[in-house]
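Subject: Handing over a structure

Hi there,

Here is the structure I promised to pass on to you. Have a look at it first, and then read on for what turned up.

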Amino acid sequence: MINESVRNKITEVTFHGTARLDPRLKLLMLIILGCVSFFINGDVPSLLLMTAVTVFVAAGSDPKWGIKMLIIYILISYLNICLKYIYIPVISLMISMFGVTVLKAMPIVTLGRWVLKSTYMDELTVALERAGMPLTVIIPFVVMFRYIPTLGIEYKLIRNTMKIRGVSDSFIKILLHPFATFEYILIPLLMRCLKVSDELAASGTTRGMERTNKRYALQEVRFGFIEYLILAFVLIFVAGLFVLEKTPAGHFVIWRLG
Amino acid sequence: MIRFKDFSFCYEGMTEDTLKNIDLEIKDGEMVLLTGRSGCGKTTLLRSINGLIPHFYPGKTNGDVLYGDESLLEMKPSDIAGKVGTVFQDPRSQFFMTDTTRELAFGCENMGYPREEIIDRIEKAVTALELEEYLNRSIFSLSSGEKQQIAIGSVYAMTPKVFVFDEPSANLDHEATSRLSGIMKKLKDSGYTIIVADHRFYYLRDLIDTAVYIENGQIVNRFSRDEFLNLDNDFRIQKGLRTSYPERDIGTIPEISSEIEASAERNLFKVDGLTFAYDKKQKLLDELSFEASSGDVIGITGHNGAGKTTLISILTGILKEQSGKVYFKGKRLSAAKKRKLSYLVMQDADYQLFTASVEEELVLGTKVSDKQMIDSVLDKLALSEFRECHPAALSGGQKQRVTIGASLIKNSEILFFDEPTSGLDYDSMIRVSSLIKELSDNGAIIFLVSHDFEFITHTCTRIFDLDVEKNGKMIELGETTLQMLAEKYFHSFKQ
């Protein structure tokens with residue numbers, strides 16, 4: 001007896017568009033665009049990069065996230081420029097440098113979180129395996145990927161108990177003892193991490209995680225024509241950005257007051 | 001067939017054998033319950049069946065464990081994977097994938113089955129275990145019980161002959177436990193061999209063929225089902241075993257000590273019209289009003305998601321109520337005041353231990369430096385010898401006592417316990433119960449959230465329930481309603 005509705009549900013995918021691209025391409029793009037973001041200068045090329053990332057993410061089931069990050073990017077750019085008009089020695093410079101770093105990291109964070117959310121873990125495993133990575137590298141990588149979303153939940157629980165214990169429970173206390181606060185959060189978090197990773201490994205081991213045979217994911221994983229095409233586009237786009245940087249348009253200042 | 005032949009095991013770095021000369025034969029299709037006090041070696045026994053011993057947990061073995069004619073000790077865990085399937089205690093930490101469908105597929109993918117076969121196998125597991133409604137969900141949206149069903153499904157899809165369960169009921173409420181029982185019945189009826197280690201076993205009473213009692217790493221008794229269910233009560237308690245019939249063995253509800261009852265200054269804790277909702281349509285807690293005074297030990301029961309944790313979070317000042325008022329000694333409490341007054345002992349002590357020694361832990365967040373007071377607290381909780389120890393090096397029960405100790409130092413007048421007995425044997429449960437009794441005799445007001453019916457009826461002076469009315473109302477149970485609730489909870493396990 002074949003139950004069609006169950007089968008359809010099993011093969012259903014919740015992500016669409018660019019989110020269905022091969023995980024290898026996603027990771028490759030994260031690395032390439034991440035580096036470019038730090039090496040490229042000028043308002044126009046940087047904004048173009050951020051916009052491109054937004055469009056890419058929006059085409060992959062998460063338009064809200066992409067647009068939100070783009071708006072934040074524009075806001076920070078403006079705020080950063082405001083600093084030039086309110087000059088406080090040293091502090092202005094520090095904040096402005098911090099702002100620039102945040103701006104450079106924005107495309108990476110936007111793309112990174114999207115990769116994390118839109119990639120099925122089994123496809124990631126299979127893709128990395130096909131790329132020739134050994135199991136000893138893949139397993140910790142996948143476990144890390146898996147653990148990141150849990151961190152937020154664990155953090156909240158720890159903060160709650162700290163509040164009840166009266167430990168770093170107010171803004172002033174955190175400001176006065178930043179390192180102690182950090183320690184009080186980190187220690188339980190590490191303890192949990194150790195415990196969870198041990199149990200997770202045991203559970204994985206009993207389900208054949210260490211087997212070295214070839215694996216197949218629930219959906220086919222293939223670095224196909226579309227992936228190569230998009231990769232080519234990305235490379236052309238990046239080259240274009242660097243060319244643009246050298247032209248007068250690259251020096252155009254977008255962010256200014258008045 | 002699984003056969004232990006004079007099997008002994010010693011974990012690396014330990015001096016004493018954890019398992020000693022085990023001789024045990026488990027027939028195909030048999031369902032065996034392993035029981036005994038915490039640390040008796042149940043889990044170690046399971047680990048020697050599923051291949052974690054000696055490969056994942058190294059150590060010295062003696063004798064042999066056979067699966068058919070093959071030695072399990074010589075097989076790699078990756079070879080045992082399709083033969084013996086394991087469901088672990090904590091459903092939170094056995095998920096590799098972030099969505100349920102892929103978690104079901106995880107084992108099959110590791111086995112290297114082609115796509116079509118993986119889909120076939122998941123379909124079979126989903127149909128057999130009735131998991132269709134959980135497909136394609138994020139694992140973060142599932143309750144513990146639902147997570148566990150997925151974990152069982154993931155193992156089922158690999159079609160092992162033997163199922164191993166390690167304390168499967170420890171994190172489940174009654175409803176989930178009875179569903180687990182239903183799933184186990186299906187597995188048994190389909191001819192799988194099932195080996196379960198658990199402290200609470202009332203839900204297995206219609207299913208097991210054999211019960212094995214382990215003490216200090218040795219098999220001391222082997223009971224048939226009838227013998228085991230009809231054990232003499234005194235003998236059962238002496239062996240540290242939980243009851244098979246919680247609805248029959250309802251404890252006598254403890255009295256508030258007459259001393260406190262008589263004293264004029266009973267601190268009054270009053271909740272008036274407390275309401276909370278996560279979304280506008282459905283109120284989770286609706287106009288709760290109740291009073292409590294020192295000496296009260298109040299149990300709060302209800303299924304997962306009924307609002308127990310939310311209620312505690314509000315009363316401890318972590319969450320803010322949307323309407324309603326909370327008073328203590330006639331004064332209205334703000335969230336900050338609530339946090340100052342109260343203390344929460346969480347289910348998982350790991351979240352609550354921040355420092356490098358037990359002593360530091362006790363005084364953290366307070367201004368106490370009174371050596372005598374610290375000494376007396378350490379003494380009371382049998383922790384004196386661990387004073388300088390790192391809290392992480394302690395056992396689960398000791399960690400729990402450290403967090404209780406911190407509440408004594410903080411001198412909290414209202415104490416909250418969240419599932420303090422999950423995964424505890426009878427002795428430890430009684431220890432926690434009497435510790436709570438002592439705290440309440442000293443004048444504290446105590447609230448405890450628990451699924452553990454046996455524990456609640458032995459410990460609480462009053463019981464509130466969030467389930468009976470269902471719509472966010474809470475009612476106090478009298479003796480007869482308690483009986484009725486017991487009937488409802490344990491009805492499905494009737495003979």
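In this predicted model, Tyr343(B) stands opposite Leu415(B), a residue of β17(B). Strand β17 covers residues 414-418 of chain B, and four bridges join it to β16(B), the two strands running parallel. Helix α11 (residues 308-315) of chain B packs on the sheet, where it touches β13 (297-301), β16, β17 and β18 (445-449) of chain B, and its direction makes about 150° with that of β18(B).

A few conventions before going on. The model is predicted, with local features needing pLDDT of at least 70 and side-chain atom pairs counting only at pLDDT 80 or more, while totals for chains, interfaces and linings use all residues. Residues are numbered from 1 along each chain as its sequence is written, while chains are lettered from A and ligands numbered from 1 in the order in which they are written. Helices (H or I, at least four residues) and strands (E, at least two) are DSSP runs numbered from the N terminus. Strands count as paired if DSSP finds at least two bridges between them. A contact means that the C-beta atoms of two residues, placed from the backbone, lie within 7 Å. Angles run from 0 to 180 degrees between N-to-C directions, and axes are lines fitted to C-alpha atoms, for helices over the stretch in contact.

Back to that sheet in chain B. How many strands form it, and in what order? It is an open sheet of six strands, ordered β16-β17-β18-β13-β19-β20, with mixed pairing. β16 (342-345) and β20 (475-477) of chain B are at the edges with a single partner strand each, so one side of each is left without a neighbour in the sheet. On average, neighbouring strands here are turned by 25° against each other, direction ignored.

There is another sheet to look at in chain B. Four strands make this open sheet, in the order β2-β1-β4-β5, and their pairing is antiparallel. Its edge strands are β2 (19-26) and β5 (70-71) of chain B, each pairing on one side only. Strand β1 (residues 2-11) of chain B is joined to β2(B) by five bridges, and the two run antiparallel. Within β2(B), Leu19(B) is the bridge partner of Phe9(B). Helix α1 (residues 42-49) of chain B lies across β1, β2 and β4 (59-67) of chain B, at about 120° to β1(B).

Now the domains, whose bounds come from an automatic or database domain assignment. Chain B has domain 1 (2-238) and domain 2 (258-493), with 32 Å between their centres, taken over C-alpha atoms. In chain B, 20 residues of domain 1 are in contact with 15 residues of domain 2. On the domain 1 side, the elements giving two or more residues are α6 (144-156) and α7 (174-189) of chain B, and α7(B) supplies the largest share, four residues. That side has four nonpolar, 10 polar and six charged residues (Ala, Val, Leu, Ile, Met, Phe, Trp, Tyr, Cys and Pro count as nonpolar, Asp, Glu, Lys and Arg as charged, and the others, Gly among them, as polar).

How do α6(B) and α7(B) pack against each other? Their angle is about 15° and their axes are 9 Å apart, which makes α6(B) roughly parallel to α7(B) (under 35 degrees counts as roughly parallel, over 145 as roughly antiparallel, 65 to 115 as roughly perpendicular and the rest as oblique).

Finally, the two chains meet. The contact takes 55 residues from chain B and 48 from chain A. On the chain B side, α3 (77-80), α4 (100-111), α5 (115-129) and β16 are the elements that give two or more residues, and α4(B) gives the most, with eight. By class, this side of chain B has 28 nonpolar, 19 polar and eight charged residues.

Across the two chains, helix α1 (residues 4-11) of chain A packs with α5(B) at about 120°, their axes 10 Å apart, which makes α1(A) oblique to α5(B). Here Val6(A), Arg7(A), Ile10(A) and Thr11(A) meet Ile119(B), Ile122(B), Glu123(B), Val126(B) and Thr127(B).

Enjoy exploring it!

Best wishes
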